[in-house]
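Keep the sequence and the 3D view at hand as you read.

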Amino acid sequence: MNKKRLGVLTSGGDSPGMNATVRAVVRACLAAGVEIVGFQKGYTGLIDRLYEILTTRSVSNILQRGGTFLQSARCKQMMEEAGQHLAADNLKGLGVDGLVVIGGDGSLRGAHALQRQGIRVIGIPASIDNDIPFTDMSLGADTALNNIIHAVDCLKDTASSHDRTFVVETMGRNCGYLAVMSAIASGAEYALIPEAPYDIDDICKNLHRRYEEGRSNSIIMVAEGAGKAQEIADQIKDKIGFETRVMILGHYQRGGSPTSFDRTLAARFGVAAVEALLAGDGGKMVGLSYAAIKLTDIEQVLSGGRRPIDPVILKLAITLGV
């Protein structure tokens with residue numbers, strides 16, 4: 001009798017904790033006597049049959065590493081039905097009974113497509129923007145937030161030394177989670193996010209009032225979807241003459257060793273995904289809900305839109321004067 005076999009891949013933008021998740025998937029499979037295949041470069045690995053049989057040695061010493069040792073890539077072929085057919089046929093040809101997909105919205109769409117092709121798939125949400133619905137936290141968001149806070153703490157030292165205003169741009173095209181949470185946690189003066197309108201004239205008036213009160217430096221967090229940091233900095237300088245600098249954090253936010261929260265979340269997500277597949281489930285995404293792991297239909301996740309920022313967080317930010 002052939003040994004049961006599952007597969008795992010990481011897709012889309014990398015998130016801290018992806019390696020820890022793959023490790024959990026591998027160890028959960030081996031504990032259950034199941035063979036596990038790792039596909040390289042995301043869905044491209046399914047199309048081009050780029051894979052390896054994973055062992056405990058394959059995932060040794062990767063728990064603390066950022067990025068993904070399986071690597072990731074965008075795959076246009078998975079957006080087309082012919083590519084989806086080929087990927088499913090390759091999985092069936094390799095005897096893969098189920099697949100764990102670790103990634104964001106686009107990755108989950110690929111997972112849903114494979115489920116329609118007869119491949120049982122469990123998705124794991126990985127997005128530093130924390131914008132995937134039906135999970136309180138996505139893999140990597142906590143690490144990215146800690147990276148931002150470290151950078152802002154360093155900036156505040158020089159801001160206070162030189163009476164400067166810093167405009168710090170975080171990732172978040174459609175979701176301001178990183179900007180607002182880092183503003184609260186670092187004591188920034190403002191968080192400009194796509195979910196809430198802002199008036200640059202009001203901001204400048206308040207900055208000038210702070211200056212008159214003796215508070216001559218400030219930090220303004222801006223999500224990339226809420227405006228361009230350089231343009232905002234130029235407007236502040238033109239309107240009130242403050243010496244203003246810009247820091248665009250970019251891909252720095254994605255890197256580095258995952259936090260203990262993301263490592264633990266990775267372990268819980270990875271094990272839950274394997275258990276679901278071995279129980280015959282598929283077409284679901286694992287998520288975190290009030291500290292518990294839950295499964296949600298991927299189709300429901302995809303139709304749920306972007307995960308909104310908790311109103312309690314927005315109220316907290318307003319109360320603190322952010």
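Begin where two helices touch: I200, D201, C204, L207 and H208 in α7 meet I232, Q235, I236, K239 and I240 in α8. Contact here means heavy atoms within 4.5 Å, and helices (DSSP runs of H or I, at least four residues) and strands (runs of E, at least two) are numbered from the N terminus. Sorted by class, this contact has six nonpolar, two polar and two charged residues. In that sorting, Ala, Val, Leu, Ile, Met, Phe, Trp, Tyr, Cys and Pro count as nonpolar, Asp, Glu, Lys and Arg as charged, and the others, Gly among them, as polar.

Before going on, note that this is a predicted model, in which local features need pLDDT of at least 70 and side-chain atom pairs count only at pLDDT 80 or more, while totals for chains, interfaces and linings use all residues. Residues are numbered from 1 along each chain as its sequence is written, and side-chain values use heavy atoms, leaving out hydrogens and water.

How do the two helices lie? Helix α7 (residues 200–212) and helix α8 (residues 229–240) pack at an angle of about 55 degrees, and their axes are 10 Å apart. Axes are lines fitted to C-alpha atoms, for helices over the stretch in contact, and angles run from 0 to 180 degrees between N-to-C directions. The angle therefore makes α7 oblique to α8, since under 35 degrees counts as roughly parallel, over 145 as roughly antiparallel, 65 to 115 as roughly perpendicular and the rest as oblique.

Now turn to another pair. Helix α1 (residues 18–31) and helix α9 (residues 260–278) pack at about 40 degrees, with axes 8 Å apart, so α1 is oblique to α9. On the α1 side the contact is made by A20, T21, A24, V25, A28 and C29, and on the α9 side by A266, A267, G270, V271 and V274. These residues divide into nine nonpolar, two polar and no charged.

One of them, C29, is buried, with a relative accessible area of 0%; buried means under 20%, exposed over 50% and partly exposed in between (1.4 Å probe, protein chains only). C75 is buried as well, at 11%.

Finally, look at the backbone. Most residues other than glycine have a negative phi. R49, however, has a positive phi of about 55 degrees, and R49 sits in the loop between α2 (43–48) and β3 (51–53). Q71, in the loop between β3 and α3 (81–93), has a positive phi of about 65 degrees.
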